[in-house]
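Here is a short briefing on one protein chain. Look at the sequence and the model first, then read the points below.

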Amino acid sequence: MIQKDRDIRLKIPDSFKKDDGTYSKKEIDSLIQKRNTIDKHNTEQLIELTKEYGWISGERIDCPNLETWLIFRHADPKYFNEISALIEQEHNAKRLSSWHYKLIKNHINGRPH
């Protein structure tokens, strides 16, 4: 999930934001649609995994640099209520670090995209 998240974001150059004419509208729309599809799938999958197993962190599964929190950082607003409840529960259970909790909350509370 995390690798797909990173891969699609690396394909969307910063110049998309500037709309300098290098990329066609069709190319931009296609990559953004693909990114949105990946974000939706990843968000739904992480919600289900978190409900079943609790927060999946690098420390819990002995996988350094596992950045699971990025999935919720890229979630669509329609998931915010469910994510908010989950991260509260996981933070209170000490499975979600305060730092990652704050990063996700920052997104839910309206960080710029």
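Asp39 touches Asp5, Arg9 and His74, leaving out residues up to four places away in sequence; contact means heavy atoms within 4.5 Å. This is a predicted model, in which local features need pLDDT of at least 70, side-chain atom pairs count only at pLDDT 80 or more, and totals for chains, interfaces and linings use all residues. Residues are numbered from 1 along each chain as its sequence is written, and side-chain values use heavy atoms, with hydrogens and water left out.

**Asp39**
- Asp39 lies in helix α3.
- Asp39 counts as buried because its relative accessibility is 9%. Buried means under 20% relative accessible area, exposed means over 50%, and partly exposed is in between (1.4 Å probe, protein chains only).

**The whole chain**
- The protein chain has six helices and zero strands. Helices (H or I, at least four residues) and strands (E, at least two) are DSSP runs, numbered from the N terminus.
- Along the sequence, the pattern reads α-α-α-α-α-α.
- The protein chain has 113 residues, and 37% of them count as buried.
- Take the contacts between residues at least 6 apart in sequence: 61% of these join residues at least 24 apart.

**The nonpolar core**
- The largest nonpolar core has 19 residues. Such a core is a set of buried Ala, Val, Leu, Ile, Met, Phe, Trp, Tyr and Cys residues joined through side-chain atoms within 4.5 Å.
- Trp55, Phe72, Ile83, Ile87 and Ile104 have the most contacts inside this core.
- The elements that give two or more residues to the core are α3, α4, α5 (80-92) and α6 (98-108).
- Ile87 is in contact with Phe72, Leu96, Tyr101, Ile104, Lys105 and Ile108, leaving aside its neighbours within four places in sequence.

**The aromatic pair**
- The count comes to one aromatic pair. Rings of Phe, Tyr and Trp (its six-membered ring) pair if their centres lie within 6.5 Å; planes under 30 degrees apart count as stacked, over 60 as edge-to-face and the rest as tilted.
- Trp55 and Phe72 form this pair, which is tilted, with 5.7 Å centre to centre and 50 degrees between the planes.
- The pair links distant parts of the chain, 17 residues apart. Trp55 sits in the loop between α3 (25-53) and α4 (69-73), and Phe72 in helix α4.
- Both Trp55 and Phe72 are buried.

**Helices α5 and α6**
- The axes of α5 and α6 come within 11 Å and cross at roughly 165 degrees. Axes are lines fitted to C-alpha atoms, for helices over the stretch in contact, and angles run from 0 to 180 degrees between N-to-C directions.
- The two helices, α5 and α6, are therefore roughly antiparallel to each other. Angles over 145 degrees count as roughly antiparallel, under 35 as roughly parallel, 65 to 115 as roughly perpendicular and the rest as oblique.
- From α5, the contact is made by Phe80, Ile83, Ser84, Ile87, Glu88 and His91. From α6, Ser98, Tyr101, Ile104, Lys105, His107 and Ile108 take part.
- Tyr101, Leu103, Ile104, Lys105, His107 and Ile108 of α6 are buried. What covers the buried residues of α6 includes α4 and α5.
- Just after α6, Gly110 takes a positive phi of about 105 degrees.

**Ile61**
- Ile61 is found in the loop between α3 and α4.
- Ile61 is partly exposed because its relative accessible area is 47%.
- Leaving aside neighbours within four places in sequence, Ile61 is in contact with Ile56 and Leu66.
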